[in-house]
Amino acid sequence: MLARLAKMPHQRPTKVRVHSSIGHAVVLWGGDPEEAEGRHDVEWSVDEDIRWGHNTQSAAIAEPGFWQHGDHVVLRGRVHFTEDGAAVLEVGDSQILFDLAAPPPESIDRAWVEISVRADKITLWPCRL
């Protein structure tokens, strides 16, 4: 995902405000702190499992997006399940891998969902193309 990043001052670990065509939020930066500013191709890493009915629900709108909601970030995208018991959330042109805390309803495979994750569980990494 191509995004514009602004480094948050005086933050340890480094946090960035990420802006893209589909949303904005403040998350952790996994790259070199000196390179956090500017436009980057980034990959998302989320350290939380999908828990249907707890942090994951059906989306009312069928379009990708992400936004800040208090100390959480909501990621909206299309989810599909892998054969090895994981899930991939497609948010725009990014694919975010999740583990499953428990098997979700089969009816949500390929459905639009929203996943609410604590912002400190999300890290952006620079992607060198």
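His54 is exposed, with a relative accessible area of 70% (exposed means over 50%, buried under 20%, partly exposed in between, using a 1.4 Å probe and protein chains only). This is a predicted model, where local features need pLDDT of at least 70, side-chain atom pairs count only at pLDDT 80 or more, and totals for chains, interfaces and linings use all residues. Residues are numbered from 1 along each chain as its sequence is written, and side-chain values use heavy atoms, with hydrogens and water left out.

**Around His54**
- His54 sits in the loop between strand E4 (38-46) and strand E5 (56-58); strands (E, at least two residues) are DSSP runs numbered from the N terminus.
- Ile115 lies 61 residues away from His54 along the chain, with 9.0 Å between their C-alpha atoms.

- The whole structure holds 3 salt bridges, each a side-chain nitrogen of Lys or Arg within 4 Å of a carboxyl oxygen of Asp or Glu.
- Arg118 pairs with Asp71, their closest N and O atoms being 3.6 Å apart.
- That pair links distant parts of the chain, with Arg118 in strand E10 (residues 112-118) and Asp71 in the loop between strand E6 (65-69) and strand E7 (72-81), 47 residues apart.
- Arg118 also bridges to Asp120, at 2.7 Å between the closest N and O atoms, so Asp71, Arg118 and Asp120 are linked in a network.- Arg118 is partly exposed at 35% relative accessibility, as are Asp71 at 46% and Asp120 at 39%.

**The Glu114 and Arg76 pair**
- Glu114 and Arg76 form a salt bridge, with 3.4 Å from N to O.
- This pair also links distant parts of the chain: Glu114 is in strand E10 and Arg76 in strand E7, 38 residues apart.
- Both Glu114 and Arg76 are buried.

Methods
Helix = DSSP H or I, 4+ residues; strand = E, 2+ residues; numbered from the N terminus.
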